[in-house]
Amino acid sequence: MCPIPSLTTASPSATHWFAALRKRIVKIALSLSLLGFVIAIPAGPLLADKDPPNIVFILTDNQGAWHLGCYGNPDFQTPHIDRLATEGIRFTQAFSNNAVCSPTRATFLTGLTPSQHGVHRYLVQGGAQTGPDAYYTLEEFTTLPEILSEAGYVSGLSGKWHLGDNLHPQDGFTFWTTKTHGHSTGFLNQEVIDDGELRTEDKHLSEYWTDRGIEFIEKSRRSHPDKPFFLFLAYNGPYSLSSAVKEPVPSPWSDPYVDHPLPSFPRPERVHPWQRNQHELIGDVQIGRNLAGQVTAVDAGVGRIMDTLERLNLDENTLVIYTADQGAVAGHAGFWGMGDHANPIHGRDGTMHIPMIFRWPGKIPANRVEGHLVTNYDFMPSLLSFLGRSMPPHSPTPSPGRDFSPTLRGEKLTGWDDVVFYDFENVRHIRTLEWKYVERLGQAPEFELYDLKSDPDELTNLAGRDVHAARQKQLRERLHAWFKRHADPKWDLWNGGGSKSKVGTQAYIDTALNKAR
């Protein structure tokens with residue numbers, strides 16, 4: 001097994017120390033069982049429901065809500081995802097609270113913000129992911145898959161992990177196929193990890209992850225017919241960046257877009273001056289067709305998963321969740337990609353706005369639309385509450401996650417505070433239904449304020465204007481109070497804390513902190 005960092009450096013509390021120790025014991029037991037030893041690992045009690053649902057958690061990569069037909073796109077064909085929305089609940093204002101893959105995935109699986117779990121930026125190739133220094137970045141936390149596995153679920157991962165120690169199954173997963181690292185250079189002839197071994201897969205990865213997801217469902221039904229399953233189907237598509245979006249998309253997924261004019265694809269008059277790369281993609285309609293094809297490839301996989309559930313008579317007792325790690329723009333307001341593709345980095349809405357859909361026939365009302373602001377740190381506490389469980393305690397600061405499970409049951413979210421907070425290296429912001437206030441450490445502009453109702457593209461910075469001084473002060477106080485309550489000093493970059501991943505804006509942060517001393 002690859003070495004794991006010492007518990008004293010990875011764990012901020014005794015609670016985390018014991019959690020990490022327990023994980024090590026379970027990993028050793030699983031390794032021995034693979035060598036032929038008979039090891040009994042007792043499972044915790046099943047969830048509160050006497051017949052707990054199977055769970056298919058579909059997480060896509062760099063996908064804005066605007067990609068999908070059910071979110072208003074008239075050109076990209078996504079009939080199977082649209083069906084999930086028709087037969088379940090669709091959140092119209094779901095946001096990620098960071099711009100890039102590893103931090104957002106860590107937040108989905110812990111209910112913590114980056115200033116608590118310590119993963120502030122994507123993990124680079126090698127490093128924590130594979131090789132002699134590989135380690136699991138969430139080792140000290142009690143995660144969603146760990147809770148489900150201990151509750152009796154048979155758990156499988158098919159797709160992108162990007163949280164470290166990729167060669168080894170983590171947190172109770174007994175089925176494990178993933179990528180060697182997080183970045184996608186393409187979807188054809190790519191390296192994958194199967195049962196701890198590296199090999200090249202010639203199938204399109206969206207098809208491959210679907211194939212393996214179906215294999216896991218079928219295998220779990222044969223081997224454990226009396227246990228629920230948890231499938232984490234983590235597509236690395238549609239991605240929309242660099243060489244991956246330039247790669248021609250195979251038929252049949254590309255067929256609808258041959259010579260399609262794509263009127264919904266943005267054609268901005270100019271590239272935003274902050275955009276630091278991906279310039280050649282902006283306004284290129286063929287790139288837009290490729291992006292549409294990758295979205296449809298993911299949609300086709302969703303359709304095959306749903307067909308499998310129906311074929312095996314599992315549809316009625318399976319909760320299917322569809323969402324994305326973070327959003328991505330494709331020329332909107334002159335930007336491409338996510339917040340880290342600009343200098344300064346940012347948190348524009350298009351890079352944060354994600355699809356979020358829940359479907360469970362008979363349990364979640366069909367064709368329900370929820371308009372309250374929710375975010376990925378709300379995901380885990382809401383899902384656990386819906387399943388009759390509580391969030392694990394976190395020390396030294398509490399999870400910021402809120403419980404939106406009442407709306408999953410068809411009830412109103414009474415008293416819900418429509419606010420989300422963004423936590424990406426030297427940029428933090430607070431977003432409400434109408435306003436967004438941004439602070440940036442060590443770089444200009446230091447403050448931003450946007451009226452989202454009249455300026456949805458966030459083009460006119462109102463910060464510093466006397467007419468908005470009171471509003472800016474109020475939002476600033478709320479922003480600082482939130483981070484004071486939730487940031488763990490160990491991982492609070494704005495107060496000298498560290499990071500488990502390389503921080504791209506560390507020099508700006510250091511300069512600002514040194515100046516403040």
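In what sense do strand 18 (residues 435–440) and strand 19 pair, and over how many bridges? The two strands pair in the antiparallel sense, over 5 bridges. The model is predicted. The points below cover the sheet that holds these strands, the helix lying across it, and Asn426, which sits in the loop between strand 16 and strand 17.

**Sheet**
- The sheet is open and is formed by 4 strands in the order 16-17-18-19, with antiparallel pairing.
- Strand 16 and strand 19 (447–451) are the edge strands, each of them pairing on one side only.
- From one strand to the next, the twist averages 10°.
- Glu439 stands opposite Phe447, a residue of strand 19.

**Helix across the sheet**
- Helix 13, made up of residues 469–486, lies across strand 16, strand 17, strand 18 and strand 19.
- Relative to strand 18, helix 13 runs at about 65°.

**Asn426**
- The side chain of Asn426 makes a polar contact of 3.4 Å with the side chain of Thr505.
- Beyond its neighbours within four places in sequence, Asn426 is in contact with Ile345, Glu439, Arg440, Leu441, Gln443, Trp494, Thr505, Tyr508 and Ile509.
- Among these contacts of Asn426 is Glu439, the residue that stands opposite Phe447.

Technical notes
Residues numbered from 1 in each chain as written. Predicted model: local features only at pLDDT ≥ 70, side-chain atom pairs only at ≥ 80, totals over all residues. Heavy atoms only, no water. Polar contact = N/O pair within 3.5 Å; in protein donor to acceptor, adjacent residues only side chain to side chain. Contact = heavy atoms within 4.5 Å. Pairing = 2+ DSSP bridges. Axes fitted to C-alpha atoms, helices over the stretch in contact; angles between N-to-C directions.
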